[in-house]
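Dear colleague,

I am handing over the structure below. My notes on it follow.

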Amino acid sequence: MSMLRGGHALMKRVLSLSKPDRHVSLSVIFRRYGSDEVPPNYDMVHHDGKNQVQPLELDEPLTPEKRAELAAKYNLRPEDYVPMNDKWMTLGDYPKLPEENCLEKDPYYDWDDPALRRNWGEPIMFDMDQYNALTGVDTRPQIFTRGQMWKILLSFVVPCLFLFYLGAKYPSFLPRAPKQYPEYYPGDEKRESYNDYDFFVKRGLNAQYRERKEVTNYTFANSPWGGPLP
Amino acid sequence: MMYLFFFGFLLVIFYFFIFKNFFSVFFKFFFFFFVLLSLFFLCENFETKHFFLSQSFFLSNQLTFTFDFFSCFFLGLLIIVGGSILSYSIWYFKEEIGSSYFIMYMMFFMTFMMMLVSSHSLFLMMVGWEGVGVMSYMLIGWWMGRSDASMSSLQAIYYNRLGDFGFIFFLVFALYGSGLLYIDSFYHNYISFFLSFFIMLGIIAKSSQFLFHSWLPSAMEGPTPVSSLLHSSTMVVAGVFLLIRLLEGFNILIMELLMVLGGLTMLFGAVCAFGQNDIKKIIAFSTTSQLGLMILNLSIGNIYLTFFHLCMHAFFKSMLFMGSGVFIHGAQNNQDIRNFGNVFFFTKMSSLGMFVSSMSLMGMPFLCGYFSKDLILENTWGPLLNRFSWFLFFIASTFTVAYSCRMLFMMYGGSNFGVYKLVCQEKFGNNFSWFLVLTFFSVSSGWFFYESLFKVIQEEYLFFYYKITPFLVIFFGFSLSLLVFLKFFLTMKTGKTLYYNPLMHNMFTFYSKVFSSFFWFFELLWVEVLCVIGLQKMVNFFGYFKSFFDLQVFFFMLLIILDLCFMV
C-alpha cells in the first residue's frame with residue numbers, strides 16, 4: 001500500500017515538472033456573472049398591419065410625408081431613407097442600407113453588440129450575412145479597384161507569356177554531343193502493358209531484362225571533327 | 001522495423017489521454033529514439049517493400065507502402081525537423097492553455113504526412129493529402145476567436161479543396177486507364193494529358209503556385225510552429241513530392257505549363273517579399289518563391305536535384321521561422337520588422353541562426369543551400385532550355401538575396417529604427433536544443449548529403465563567366481538591398497555614442513576593441529609571442545566575458561567557422 005502511495009507521490013512530482021509558472025490563477029478567465037433580469041415579453045416582437053414590410057408601387061411618388069412616416073417606422077432619418085422597392089422579394093419599403101461588411105466598421109468603438117458591430121436600434125440590412133466576417137463578403141476598400149487589378153495582372157502576365165514563347169523559339173544550350181547510353185539502361189525495362197505486371201516478381205530477377213542490347217547513337221564517320229570509321 | 005514509427009507516435013498520443021499535462025521528459029526520449037531510427041533508415045537499401053494491411057474490400061490488395069529513397073530520406077528529415085519544432089513549441093506555448101492539444105494536432109499532422117510520403121497506393125496518398133489539409137485548417141485557426149485566423153484557415157481549405165478536386169479526377173483517370181491505383185502505374189498514352197492536367201491542379205493548389213498562392217501568406221495567422229512545420233517544410237512540399245514521384249509519366253505540354261507557372265511564382269514571391277514589413281509574411285513569400293523554383297526545376301527534369309533542394313530548404317526555412325518566433329515573443333507579439341532593432345544584443349543564438357539560415361537561402365558558398373542552388377544553376381546552362389526561364393531564375397534569386405539582406409539589416413540595424421527593445425528569451429531554463437540541431441544541419445547537411453548521396457547528379461563543365469553566376473547573384477542582390485538602405489547607412493548611429501551607455505554596449509561595440517587586440521596577438525612574431533605582454537592581452541580578452549553564456553557563444557561561433565574551414 002505504501003508503494004502505491006509512493007507511486008502516487010512520484011507521479012505528482014513528475015507531473016509537476018513541466019507545469020508553467022503561472023503568476024495569475026486560471027480562474028480569472030472563467031469569471032461567472034449572474035444573468036441580467038429581462039422584463040417579461042422583452043424578447044418578443046409583434047408587428048402587425050402597417051408595422052410590417054409593405055409593398056410600394058413604382059409609379060407612386062414618395063411624398064415627403066410618406067417618406068418621413070416610413071423613415072420613422074425603420075428608425076432612420078428621412079434624408080437617409082431609400083426604399084428597396086423590390087417586388088421579387090416583396091421588400092417594398094424596406095430601407096436600402098449601404099452594403100458594407102462588419103469589418104469596415106471601427107473595431108475599437110464601443111458597440112452595443114461588438115460581435116456584429118451594431119448599436120441597439122440600428123436598422124438591419126437585408127443581407128444578414130454581412131454582419132459576420134466569415135459569412136459575409138469583405139467589402140473593405142483596397143488600394144486598387146478590381147478593374148485596375150485586372151489591368152495590372154494582364155499587363156504583366158501577357159508580356160511574360162510572350163517572352164516565354166520567344167525563349168522557347170531561341171533556347172539556351174551548351175554545345176555538346178548526344179548522350180551515349182550504356183548497354184543496359186534501366187529505362188529499357190519500362191513496362192509496356194499491364195498484363196505483364198506481376199506483383200510478386202522483383203525487378204532484376206527476370207531473365208528477360210538481363211539481355212544486353214547494343215546501342216549506338218552516333219558514329220564519328222560523318223562528323224566534321226573526323227574520326228575512325230565503324 | 002518500419003512499424004515502429006507509427007507505433008511510437010501512437011504511444012505518444014496514447015500518453016496524452018492518460019496524462020493531462022504533457023511533460024518533456026518522455027517526449028525527449030521518443031525524439032532521440034526516432035532520430036536514431038531515421039539514421040538507421042538512411043543506411044538501409046532502398047528497395048520497394050510491399051506490405052498488406054487488410055483483407056477483403058475494394059482496393060484491399062492495393063493498400064501498400066513503399067520505403068524507397070525519397071520516402072526514407074524524407075521520413076528522417078520529417079522526424080528531425082518535426083522533433084525540433086515540437087520541442088520549440090513546448091517553449092513557445094509555455095503560457096498557452098491548450099498546448100497539449102496543439103502537440104497532439106502536430107503529431108496527427110506528422111502521421112498524415114508520413115502516410116502521404118511513404119504510400120505506394122494513391123488511395124492512401126489521398127488519405128494523407130486530405131489529412132494534412134484538415135490539420136492545416138485546425139492549426140492555422142488555432143486562435144479561433146480571432147476572425148482573421150478563422151478566415152485564413154477557411155481560405156486554406158478552399159484552395160486545398162480545388163487541388164483535391166484535381167486529385168480526385170486524377171484518381172478516376174488512373175483507375176480508368178490502368179485499373180490500378182499505384183504511383184508507378186502510368187505510361188505515355190492518350191490519357192497521360194488528362195492525368196497530368198488534373199494532378200497539376202492539385203500540385204499548384206497545394207504548393208501555392210502563382211494563381212493559387214494567396215492562402216500561404218494568410219496562413220501566417222497561425223502560430224509560428226505551424227508556419228515552421230507546415231507552411232515551409234512539409235505540407236507545401238507535398239505537391240512537389242508528388243510531382244517528383246510522378247514525373248516520369250508526365251505529359252510534356254503540362255510540364256511546359258508548369259515551367260511557366262513555376263517561373264512566374266518564383267519572381268512574384270521574391271518581389272512581394274521585398275516589400276513586406278511583417279517578418280512572417282516575408283518568409284511566407286520566400287517559401288512561395290522557392291516552391292516555384294522547385295517546380296521549375298522539375299519541369300526541366302532534374303528530379304534528384306529538386307529533392308535535394310527540397311530537403312535543404314526544409315532545414316533553413318524552418319530555422320528562419322523559429323528564429324522569427326523568438327523575436328516575436330521578445331517584441332511582445334509584434335511582428336513588424338520596422339520595430340525590431342539590435343536583436344543581436346538580446347538574442348545571440350537565435351539571431352545567429354537567422355543569419356546562417358539567411359546566408360544558406362541566399363546561396364552563400366558551402367552552406368547547405370549553396371550545394372543545391374549552385375547545382376541547379378549549373379544544370380540550367382547545359383540542356384536545351386527556355387532562355388526566359390533562366391532569366392527569371394536569375395532575377396528571382398537576386399530578389400531572394402535582396403529581401404534576405406533587407407530583413408537582416410532591419411533586425412541587426414541600430415537605433416534609427418526601433419521603438420521596442422526585445423525582451424531576452426534565451427534564459428537559463430529555456431530549452432534551445434532545437435537551435436543546435438537545425439543550425440548544425442543548416443551549415444553542414446549540404447556538404448554531407450552531397451558527398452554521400454547526391455553526387456551522382458550530372459556535373460556540368462562551365463566557363464568562368466558561367467561559373468561565377470551565383471556570386472553575381474549575391475552581389476547584385478546585396479547592392480539592390482543597399483539601394484533601399486543607402487540613407488540608413490549614411491546616417492547610421494550604431495557604435496557612435498557620445499557617452500558610455502551600458503545598454504548600447506553590446507558585443508559588437510564593446511568587444512570590438514577586444515577583438516582587435518585578439519587579432520594583433522596573432523600577428524606577432526614567434527619571438528614576441530613569448531613576451532608576457534601578449535599573454536596578458538590574451539588573458540584580458542577572456543576576462544571581458546562577464547558570464548559563461550557569452551563565452552559559450554564565442555566558442556560556438558568559432559566552431560562554426562572551423563566547421564566551414566574543414567568543408568573547404
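A salt bridge here is a side-chain nitrogen of Lys or Arg within 4 Å of a carboxyl oxygen of Asp or Glu. By that rule, Arg77(A), Glu79(A) and Asp80(A) are linked in a network, and the whole structure holds 14 salt bridges over all chains.

This is a predicted model, in which local features need pLDDT of at least 70, side-chain atom pairs count only at pLDDT 80 or more, and totals for chains, interfaces and linings use all residues. Residues are numbered from 1 along each chain as its sequence is written, chains are lettered from A and ligands numbered from 1 in the order in which they are written, and side-chain values use heavy atoms, leaving out hydrogens and water.

In chain B, Arg146(B) forms salt bridges with Asp148(B), at 3.5 Å between the closest N and O atoms, and with Glu221(B), at 2.9 Å. The Arg146(B)–Glu221(B) pair ties together parts 75 residues apart in sequence, because Arg146(B) lies in the loop between helix 5 (122-140) and helix 6 (147-178) and Glu221(B) in the loop between helix 8 (215-218) and helix 9 (224-234). Helices are DSSP runs (H or I, at least four residues), numbered from the N terminus. Arg146(B) is partly exposed, with a relative accessible area of 43%; the term covers values between buried (under 20%) and exposed (over 50%), with a 1.4 Å probe and protein chains only.

In chain A, Lys105(A) pairs with Glu122(A) in a salt bridge, the closest N and O atoms being 3.9 Å apart. Lys105(A) is buried at 11%, whereas Glu122(A) is partly exposed at 25%.

Regards

How values were computed
Helix = DSSP H or I, 4+ residues; strand = E, 2+ residues; numbered from the N terminus.
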